[in-house]
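The following report describes selected local features of one structural model. It treats backbone geometry, strand pairing, charged contacts and a ligand site in turn.

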Amino acid sequence: MIPEIAGYITKREGRKFLKLSEQVDDSLITSRILRPGEQLSLYIHIPFCRSLCPFCCFNRYLFNAEKARAYFSQLRHELDIYIQRGFTFSEFYFGGGTPTIMMDELLSFIAYLKQKFPVRNISMETTPQEITPEIVKSLQTAGIKRISLGVQSFDDEMLKSMGRVLSTGTEARQKIKMTLGQFETVNVDLIFNFPFQTPEKFASDIRIFKEMGIDQVTFYPLMPSPHKKSAMERRFARVDNGREKRFYKLILSEIFDQGYQASTVWCFSKGTRMIDEYIVDYADYIGIGAGSVSLVNGIFYVNSFSLDKYADHLQNNRLPIARRRDLSEKEYFRYYLLTKLFGTRVNKEQFKQQFDTEIYNKLGMEIRLLKAVGAVTETESEIRVNRRGMYIISVMMREFFAGLNTLREISIENQI
Ligand SMILES: C[S@@+](CC[C@H](N)C(=O)[O-])C[C@H]1O[C@@H](n2cnc3c(N)ncnc32)[C@H](O)[C@@H]1O
Ligand code: SF4
């Protein structure tokens with residue numbers, strides 16, 4: 001009951017993020033003086049895939065070489081505008097879509113990043129099918145520290161149900177083996193609570209992951225947008241959040257041996273490693289590319305999703321921002337709390353340094369409530385999500401991302 005209530009509250013809060021303004025003044029995005037030790041991360045979206053998975057809510061289009069080449073050049077233009085405004089970055093996250101889909105353009109873009117910034121870490125998403133020994137070598141030489149493979153499941157029947165008709169579990173294993181030991185971190189994404197997925201099938205996915213000794217796994221609860229949900233339900237069976245807890249319990253009962261620990265409530269790693277969720281580590285971030293979002297100085301910005309509109313903005317030397325929302329102080333701090341709890345802990349001293357006030361002055365009610373339901377444990381230095389709280393935070397995050405997926409669906413359908 002408590003996870004459902006917490007999820008409901010997050011859904012209600014998250015909906016506010018969907019009330020966006022079309023009054024966009026991109027000149028508001030200026031770099032501010034960063035506090036000592038403060039970093040901004042850059043997310044770079046490559047929205048092309050060789051086939052489109054029916055459950056996926058990200059902004060993605062069928063691969064077309066000509067469009068992809070033009071897109072990489074527009075991406076560089078967008079980056080240049082941020083550079084002109086004084087932004088600098090050291091951590092980079094390529095996401096998609098399928099960022100490795102056009103390797104010559106990708107490598108040239110990475111070379112450009114290195115020319116312009118003190119690059120420390122680069123994380124790269126791709127699918128197992130894209131992996132070849134040559135691509136592994138090129139990514140290694142380009143200094144990629146973390147590679148993340150969208151496996152979804154090792155079970156062929158599940159992959160077929162997911163619409164990933166060209167993938168097989170055997171191929172995924174072969175491709176993972178090619179990457180293991182070649183990067184600081186190899187992550188695989190696995191989905192849980194898909195219609196027809198049984199706990200037994202999911203347990204087998206976790207077992208294969210552990211047997212292979214992979215560095216990191218990110219488990220995504222299925223989060224379809226409203227239309228994708230209806231389409232999946234017409235094709236398969238009900239998308240039932242009521243089944244989700246069983247899957248999540250399975251994760252917690254299986255994952256904590258062999259040295260895995262929680263990096264977020266969805267991501268488990270051997271030791272301390274770079275994770276996908278830049279929102280956990282950085283208060284503010286910039287996203288470039290069609291359909292990316294940014295959070296800067298308390299303002300949430302949404303880029304154009306349409307490839308044509310994205311290109312038009314840049315042709316006119318404007319940032320390709322289509323919508324914005326000015327977060328109230330309360331919304332900003334709640335978002336901050338949710339993302340930190342997603343990363344399993346909130347550091348009280350870090351909060352004080354960042355916002356010049358005690359955390360209880362801004363988030364006292366929320367923290368007391370989380371303590372009252374037994375979701376977090378407080379020490380002198382931090383507020384930590386305990387084992388009971390992990391599922392509560394997972395449900396809250398699922399609801400938050402489901403809201404974001406609704407925003408993506410509306411934006412794609414209206415081609416903003
Ligand atoms: C944007 S994809 C990029 C990875 C790569 N394109 C692939 O699919 O192999 C990142 C991850 O998001 C997850 N994902 C996509 N759509 C989702 C949805 N509707 N619900 C839950 N997870 C989803 C998948 O696990 C996927 O691997
Ligand atoms: S899940 Fe990955 S491969 Fe499938 S459509 Fe989404 S981004 Fe593309």
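## Backbone, sheets and contacts

Gln415 is placed in the segment after α15 (387-413), where helices (H or I, at least four residues) and strands (E, at least two) are DSSP runs numbered from the N terminus. The model is predicted, so local features need pLDDT of at least 70 and side-chain atom pairs count only at pLDDT 80 or more, whereas totals for chains, interfaces and linings use all residues. Residues are numbered from 1 along each chain as its sequence is written, chains are lettered from A and ligands numbered from 1 in the order in which they are written, and side-chain values use heavy atoms, with hydrogens and water left out.

Most residues other than glycine have a negative phi, and most peptide bonds are trans. Gln415, although not a glycine, has a positive phi of about 45 degrees. With a relative accessible area of 29%, Gln415 is partly exposed; buried means under 20%, exposed over 50% and partly exposed in between (1.4 Å probe, protein chains only). Asn297 also has a positive phi, near 50 degrees, and is found in the loop between β12 (293-296) and β13. Its relative accessible area of 37% makes Asn297 partly exposed. The peptide bond from Gly96 to Gly97 is cis, with omega near 10 degrees, and Gly97 is in the loop between β4 (91-96) and α3 (103-116).

Gly96 and Gly97 are also among the residues surrounding ligand 2, together with Cys49, Leu52, Cys53, Cys56, Arg60, Thr127 and Arg164. A residue counts here if one of its heavy atoms lies within 4 Å of the molecule. The shell around ligand 2 has four nonpolar, three polar and two charged residues. In this classification Ala, Val, Leu, Ile, Met, Phe, Trp, Tyr, Cys and Pro are nonpolar, Asp, Glu, Lys and Arg are charged, and the others, Gly among them, are polar.

Strands β13 (residues 299-303) and β14 run antiparallel and are joined by five bridges; two strands pair if DSSP finds at least two bridges between them. Tyr301 has Arg324 as its bridge partner in β14. Five of the six residues of β14 (residues 321-326) are buried.

A further open sheet has three strands in the order β15-β17-β16, with antiparallel pairing. Its edge strands, β15 (345-347) and β16 (376-378), each pair on one side only. Neighbouring strands of this sheet are turned by 15 degrees against each other on average, direction ignored. Three bridges link β16 to β17 (residues 382-385), and Val376 has Val385 as its bridge partner. Helix α14 lies across β15, β16 and β17, at about 125 degrees to β16. Contact means heavy atoms within 4.5 Å; axes are lines fitted to C-alpha atoms, for helices over the stretch in contact, and angles run from 0 to 180 degrees between N-to-C directions.

The structure holds 23 salt bridges, each a side-chain nitrogen of Lys or Arg within 4 Å of a carboxyl oxygen of Asp or Glu.

| Pair | N to O distance |
|---|---|
| Asp240 and Arg238 | 3.5 Å |
| Glu331 and Arg325 | 2.7 Å |
| Lys362 and Glu329 | 3.2 Å |

Lys362 lies in helix α14 (residues 359-372) and Glu329 in helix α12 (residues 329-342), so this pair ties together parts that are 33 residues apart in sequence. Glu331 is buried at 9% relative accessible area, and Arg325 is buried at 16%. Asp240 is partly exposed at 22%, whereas Arg238 is exposed at 60%. A network of salt bridges links Arg69, Asp104 and Glu105.
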